[in-house]
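Subject: Handover of a structure and its findings

Dear colleague,

Please find the structure below, together with its sequence. My notes on what was found follow directly after it.

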Amino acid sequence: MFFECTLRAPHGGIFVVPTIGNPLLYLASIAIGSVVACIILAIVKPKLKK
């Protein structure tokens, strides 16, 4: 929403990238979201005891 990307097909994964408005910013958003989710998971996940 921030980058005003449009998506005509709300399903299909990576195969619908050619139909997306602003596809590079859409892919950048997915990458940024993945990095943020990994950081949050690393902080919240309890440590394993040996």
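Is Ser34 buried, partly exposed or exposed? Ser34 is partly exposed, because its relative accessible area is 37%, where buried means under 20%, exposed over 50% and partly exposed in between, with a 1.4 Å probe and protein chains only. Ser34 lies in helix H1, residues 23–44. Its C-alpha atom is separated by 15 Å from that of Gly13, 21 residues away along the chain.

Before the remaining findings, two remarks on conventions are in order. The model is predicted, so local features need pLDDT of at least 70 and side-chain atom pairs count only at pLDDT 80 or more, while totals for chains, interfaces and linings use all residues. Residues are numbered from 1 along each chain as its sequence is written, and side-chain values use heavy atoms, with hydrogens and water left out.

Overall fold

The chain has 1 helix and 2 strands, arranged as β-β-α from the N terminus on. Helices (H or I, at least four residues) and strands (E, at least two) are DSSP runs, numbered from the N terminus. The radius of gyration of the chain is 15 Å, whereas a compact globule of 50 residues would have one near 10 Å; this radius is taken over C-alpha atoms, and the globule rule is 2.2 Å times the number of residues to the power 0.38. Along the principal axes, the C-alpha atoms fill a box of roughly 50 × 20 × 15 Å.

Surface

Of the 50 residues, 6% count as buried. The accessible surface comes to about 4,700 Å², and carbon and sulfur atoms account for 74% of this surface. Such areas come from the Shrake-Rupley method with a 1.4 Å probe; for residues, only the protein chains shown count as cover.

A nonpolar patch on the surface is formed by Ile32, Val35, Val36, Ile39, Ile40, Ile43 and Val44, with about 680 Å² of accessible area together. Like charges are joined within 9 Å, and nonpolar side chains (Val, Leu, Ile, Met, Phe, Trp, Tyr) within 5 Å. Ile43 lies in helix H1 and counts as exposed because its relative accessibility is 67%.

Cysteines and aromatic rings

The structure holds 0 disulfides, a disulfide being a pair of cysteine sulfur atoms within 2.5 Å. Cys5 is partly exposed at 26% relative accessible area, and Cys38 is exposed at 51%.

There is 1 aromatic pair. The rings of Phe2 and Phe3 have their centres 5.3 Å apart and their planes at 70°, so this pair is edge-to-face. Rings of Phe, Tyr and Trp (its six-membered ring) pair if their centres lie within 6.5 Å; planes under 30 degrees apart count as stacked, over 60 as edge-to-face and the rest as tilted. Phe2 is exposed at 75% relative accessibility, while Phe3 is partly exposed at 30%.

Backbone angles

Most residues other than glycine have a negative phi. Glu4, however, has a positive phi of about 55°. Glu4 is placed in the segment before strand E1 (6–7) and is exposed, with a relative accessible area of 64%. Asn22 also has a positive phi, near 60°. Asn22 lies in the loop between strand E2 (20–21) and H1 and is partly exposed at 37% relative accessibility.

Yours sincerely

Notes: Patches are made of residues with over 30% relative accessible area and no salt bridge: like charges are joined within 9 Å, nonpolar side chains (Val, Leu, Ile, Met, Phe, Trp, Tyr) within 5 Å. A salt bridge is a side-chain nitrogen of Lys or Arg within 4 Å of a carboxyl oxygen of Asp or Glu.
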